[in-house]
Amino acid sequence: MDILDLLHHRRSSKQFGDVAPNAEQLDAILKAALRAPDHGRMKPYHFVVIQKSGMPKFHECLKSAAIEFEMDEKNAAKADKLANQAPMVIGVVAKLDHESVKVPAWEQIVCAGCATYAMQLAANAQGFDTVWITKKWVESTAIREAFGCAETDKVIGLLMIGSPKDGEEIASARDAEDPTDFVHFIR
């Protein structure tokens with residue numbers, strides 16, 4: 001797949017088949033994350049890979065989050081859906097150093113976000129669909145504990161990865177978007 005074509009047509013998908021990246025494919029995904037722009041070479045992130053065998057524990061964390069945040073029945077039911085939606089989930093934790101004079105915390109979060117996007121692109125390039133989710137799930141005590149978070153860490157997302165649902169090509173946008181309304185030039 002041509003990189004510009006992927007960048008111009010990439011889109012998230014919440015529909016997954018049953019195939020997760022194998023060890024070699026996962027290694028390529030994680031290596032891509034490590035090349036994200038990183039001021040100060042801090043690598044301010046940590047990744048938690050949840051494979052099929054870990055989904056029951058992940059499900060328990062999601063159910064705990066629903067209780068912790070007193071979600072209504074409809075939102076609490078999403079715990080079941082999320083735990084069974086994709087064959088692999090990668091939790092992304094921003095490991096924030098608030099004492100850094102050179103690199104502020106917001107920039108460290110941006111770095112972790114870039115690492116997450118690099119993983120999405122690497123997964124897409126290997127034929128996997130992805131979606132990056134957040135909401136209250138990532139703030140829950142159970143998720144933070146399962147991910148080994150320190151007090152200053154911030155879980156920035158859950159990256160769901162799996163084969164396309166129909167076993168075909170990854171989801172993509174029909175057309176590239178026009179950037180005109182999003183650009184201002186200083187000449």
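Modeller: Phe-147 touches His-46, Val-48, Ile-50, Gly-91, Val-93, Val-155 and Leu-158, leaving aside residues up to four places away in sequence. Contact here means heavy atoms within 4.5 Å. The model is predicted: local features need pLDDT of at least 70, side-chain atom pairs count only at pLDDT 80 or more, and totals for chains, interfaces and linings use all residues. Numbering runs from 1 along each chain as its sequence is written, and side-chain values use heavy atoms, without hydrogens and water.

Phe-147 belongs to the largest nonpolar core, which has 27 residues. Such a core is a set of buried Ala, Val, Leu, Ile, Met, Phe, Trp, Tyr and Cys residues joined through side-chain atoms within 4.5 Å. Buried means under 20% relative accessible area (1.4 Å probe, protein chains only). Phe-58, Leu-62, Trp-137, Phe-147, Leu-158 and Met-160 touch the most other members. Two or more residues each come from β1 (45-50), α3 (55-68), α4 (73-83), β2 (88-94), β3 (129-133), α6 (141-146) and β4 (154-162). Helices (H or I, at least four residues) and strands (E, at least two) are DSSP runs, numbered from the N terminus. α3 gives the most, six residues. Apart from this core lies another, of 21 residues, including Phe-47, Ala-94, Ala-112 and Leu-159.

His-9 lies in α1 (residues 3-9). His-9 is buried, at 19% relative accessible area. Its contacts, again not counting residues up to four places away in sequence, are Ser-172, Ala-173, Arg-174, Asp-175 and Ala-176.

Key. Buried < 20%, exposed > 50% of the residue type's maximum accessible area, 1.4 Å probe, protein only.
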